Amino acid sequence: MKRKFISVLLCAAMIMTMLAGCGGGGSTEGGSAEGGSGDGVTLDIIISQYGNYTQDWWTEFEKNFEEANEGIDLNIEIVSWNDIYSVVNTRISSDEQPDILNISGFADYVADDLLMPAEDYVSDELKANFIPSFWESNDMDGTIWAIPILASCRALFCNMELLKKAGVENPPATWDEVLAACKAIQEEYGSDIVPWGLDISTDEGQAAFSYYTWNFGGGFVDENGDWDLNSEENVKAVEFIKQLYEAKVCNSAPFTDTRYPLQDAFSAGTLAMMIGPMNMVASDSEVDYVVADLPGEKIPLGVCDQLMAFKDEEAGEARTEAITKFFDAFYECETYSDYMVYEGFLPATQDASDNLATNAEKYKVGGSDDATGDSEYFKTFCAVLPTCQFYPMQKAEWMDVRNGVIDVEQQVCEGTASAQEALDKLQESVAK
């Protein structure tokens, strides 16, 4: 793959500075739950399956952890993303939830009073090591309820061979430059090349809303955390999305095109620019591309799944100590760096970010016998992490808003409502 990176955020130097069962979950074996050092504790842990080799990595981790922590037994179960929500909900309904869970989203568990605050089990050293934006993304009403297991972020990908032939020497830095670049590509290549990839489908239309509104100066909420969906900035952002569609400089079916065929088109060299995740380009692609800041305010979307610990009112301090030891061991720099390369994601801790920016080649991708990490790749994307913003998933109305902003984008592009009308209606429905 031909690949090169430009500075994603001018302050790239940032990279150098920078879950507990209720009822039948955890148990103590032989002796009091009040015993010190986690003696006689079994932790039931559910981990989501990120790849074909997730089980292999965690089997080795379990072996090494138990050898180093006598008296703590780990019962780690790997569950596919297709099944994990139904599996967890079934366990909860039977009062058999795990001690520690890796999943995406925690607000419902908090509402049902099932989780321990992260401050109860996260050591001071580990807390200080998390990239602040990722730690704070799990705040709900002033309490951190989960911790980030891994990270992903979105940036602007540009096929520079296509852009330069169309007379565009640099990735667009403003939305006016985006539109000008799209028109130049359209004039140079006609229908052979799609200038801009746009996904406002039910799959990830909420991501598109964040890309454009945040970088027009708006967003989902205001500075007080209240819904602010019909702000002037948001109206301009949605109108810009419509402008891309009406100018025919994006894919012809953004209502149904998900990012996956768009990513394939970019990898094949038939799509010039799109906003996407850090691992979107196929490994065998020959595209000469760069990764750049999003236009406008340069605010990237951050995505992270979480680890969380369920309550067990009957268990003692030994269980909490065991949970703390589990997290300290998992997030140890070498171990956590290894898992990030193995699964192909970005770390949410500062020391692993620094480490992978220079030493990624030491680690193996899952299923590979070779050390295949890419330090340049990690250096580029880890630099983005401190400035990521996140969906307001902690708010009870989030799913309604998620679906609502997708409806807004589609209605406006179809011409059935103006951006102002559609956003006013959505704001009224969620801010009652």
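This is a predicted model: local features need pLDDT of at least 70, side-chain atom pairs count only at pLDDT 80 or more; totals for chains, interfaces and linings use all residues.
Residues are numbered from 1 along each chain as its sequence is written. Local features need pLDDT of at least 70 and side-chain atom pairs count only at pLDDT 80 or more, while totals for chains, interfaces and linings use all residues; side-chain values use heavy atoms, with hydrogens and water left out.

**View 1. The largest nonpolar core.** This core has 72 residues. W58, F326, F327, F330 and Y331 have the most contacts inside it. A nonpolar core is a set of buried Ala, Val, Leu, Ile, Met, Phe, Trp, Tyr and Cys residues joined through side-chain atoms within 4.5 Å. Buried means under 20% relative accessible area (1.4 Å probe, protein chains only). Strand β7 (residues 147-159) gives the most to this core, with 7 residues. Strands (E, at least two residues) and helices (H or I, at least four) are DSSP runs, numbered from the N terminus.

**View 2. F326 and its contacts.** F326 touches L43, I45, W58, F61, F65, L74 and I100, leaving aside residues up to four places away in sequence. Contact means heavy atoms within 4.5 Å. A second, separate core has 58 residues, including I193, L198, A207 and F220.

**View 3. The largest cavity.** Its volume is about 120 Å³. A cavity is a set of points on a 1 Å grid over the protein atoms alone where a 1.4 Å probe fits but cannot get out; lining residues have an atom within 4 Å of a point. Points are joined across faces, edges and corners, and a volume is the space filled by probe spheres set on them. Of 14 lining residues, G197, L198, D199, Y211 and I275 lie nearest the centre. Helix α8 (205-214) gives the most to the lining, with 4 residues.

**View 4. The second largest pocket.** Its volume is about 510 Å³. A pocket is an open set of grid points with protein on both sides within 12 Å along at least five of seven lines. The lining has 22 residues, of which V221, F390, Y391, P392 and Q394 lie nearest the centre. α5 (132-136) and β5 (139-140) are the elements that give two or more residues to this lining.

View 5. The whole structure has 0 disulfides (pairs of cysteine sulfur atoms within 2.5 Å). The sulfur of C250 is 7.4 Å from the closest cysteine sulfur, in C413, so it is too far for a bond. C250 counts as buried, at 8% relative accessibility. For C333, the closest cysteine sulfur is in C382, 11 Å away and too far for a bond. C333 also counts as buried, at 18% relative accessibility.

Methods: Buried means under 20% relative accessible area, exposed over 50%, partly exposed in between (1.4 Å probe, protein chains only).
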